[in-house]
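Good morning, everyone, and thank you for making time for this.

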Amino acid sequence: MRTPILAANWKMHKDVGESVAFAEAFLPLVADAEGVEVVLAPPFTALASLGQAIHGSAVRLAAQNVHPEPKGAFTGEISASMLVDLGCAYAIVGHSERRALFAESDEFVARKAAALLAHGIRPIVCVGETLEQREAGRTFDLIETQLEGSLALVPHARAEEIVIAYEPVWAIGTGRTATPELAQEVHAFIRERLAKRFGDAAARVRIQYGGSVKPDNVYSLMAQPDIDGALVGGASLEPDSFARIVRFDRTGGPE
Ligand code: PGA
């Protein structure tokens with residue numbers, strides 16, 4: 001019912017040449033991967049070239065960020081219509097690195113998600129608790145607040161177009177993955193909150209897990225009922241590694 005979505009978040013890695021070389025190596029590896037949606041989010045500077053390199057394949061292009069305003073005096077920023085221009089199907093918003101390093105609030109994330117939807121780009125909205133928040137028993141409260149704030153401007157009729165990425169901050173880039181059971185617990189909670197807000201559409205919203213997803217743990221994560229994909233940083237930088245993650249249903253399983 002929900003097509004799994006495996007997305008590569010390259011963060012500030014790969015120039016144009018490296019992005020195109022990735023596509024050339026990666027596309028043949030996933031050419032026969034069926035029943036999954038595959039998304040690549042390079043830095044802004046590589047969007048155009050990577051978009052050309054994946055043109056004609058089933059792989060989709062994503063941006064890592066967007067500014068909510070359509071145009072204006074916002075030095076250094078990129079609007080949703082500029083991303084449409086480059087063929088972006090998705091854009092990541094509210095990543096914990098942007099929340100922590102660039103002080104992005106839920107309200108700002110909500111405006112970004114709304115701008116994307118208005119331009120037909122699907123937002124991947126990230127939420128997740130820090131270790132401190134988890135240890136203080138605040139995980140569910142925090143996730144609820146982030147969801148409410150970040151999705152505040154999503155019209156009910158468009159709910160199915162959003163993707164949620166649950167990324168516990170303590171698992172990002174640390175090699176410390178949430179156990180499948182722990183992740184499932186939060187995913188189920190997220191779906192319940194989505195149902196409260198959007199009703200039946202919540203059953204059709206994809207919820208990705210992110211945080212040290214690797215070829216050897218993707219299978220057990222994806223086996224959970226409410227985990228519908230992965231947002232992958234480090235392990236998405238090599239074509240073989242990300243292709244194995246995309247093919248979790250064929251080659252997966254603990255090694
Ligand atoms: P990671 O990053 O896979 O390197 O932990 C995930 C993310 O930040 O989206």
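What you see is a predicted model, in which local features need pLDDT of at least 70 and side-chain atom pairs count only at pLDDT 80 or more, whereas totals for chains, interfaces and linings use all residues. Residues are numbered from 1 along each chain as its sequence is written, and side-chain values use heavy atoms, with hydrogens and water left out.

Let me start with the ligand. Which residues come nearest to the ligand? Of the 13 residues around it, these are K11, H95, E167, G173 and S212, where a residue is near a molecule if one of its heavy atoms lies within 4 Å of it. By class, this shell holds four nonpolar, seven polar and two charged residues; here Ala, Val, Leu, Ile, Met, Phe, Trp, Tyr, Cys and Pro count as nonpolar, Asp, Glu, Lys and Arg as charged, and the others, Gly among them, as polar.

For individual contacts, I use the term polar contact for a pair of N or O atoms within 3.5 Å; within protein, one must be able to donate a hydrogen and the other to accept it, and residues adjacent in sequence count only if both atoms are side-chain atoms. A polar atom in the side chain of E167 is 2.6 Å from an oxygen atom of the ligand, and a backbone N or O atom of G173 also lies 2.6 Å from a ligand oxygen. From G233, a polar backbone atom is 2.8 Å from an oxygen atom of the ligand. Of the 280 Å² of accessible area that the ligand has on its own, the protein covers 96%, with areas taken from the Shrake-Rupley method and a 1.4 Å probe, and, for residues, only the protein chains shown counting as cover.

Helix 7 runs over residues 139–150, and its twelve residues should span 16 Å at 1.5 Å a residue, which agrees with the 16 Å between its end C-alpha atoms; the expected span is 1.5 Å times one less than the number of residues.

Which residues of helix 7 are buried? They are T139, L142, I143, Q146, L147 and S150, where buried means under 20% relative accessible area, exposed over 50%, and partly exposed in between, with a 1.4 Å probe and protein chains only. As background, an α-helix has 3.6 residues a turn, so residues three or four places apart point the same way.

Helix 10, residues 239–246, is largely enclosed by the rest of the structure, because six of its eight residues are buried. Those six are P239, S241, F242, A243, I245 and V246.

A103 is in the loop between helix 4 (96–101) and helix 5 (106–118), and at 67% relative accessibility it counts as exposed.

R206, in strand 7, is buried at a relative accessible area of 7%; its side chain reaches the backbone oxygen of T3 at 2.8 Å, and a polar contact of 3.0 Å joins the side chains of R206 and E37. Q133 belongs to helix 6, residues 131–135, and is buried at 16%, with a polar atom of its side chain 2.7 Å from the backbone nitrogen of T130.

I will stop there and take questions.

Methods. Helices (H or I, at least four residues) and strands (E, at least two) are DSSP runs, numbered from the N terminus.
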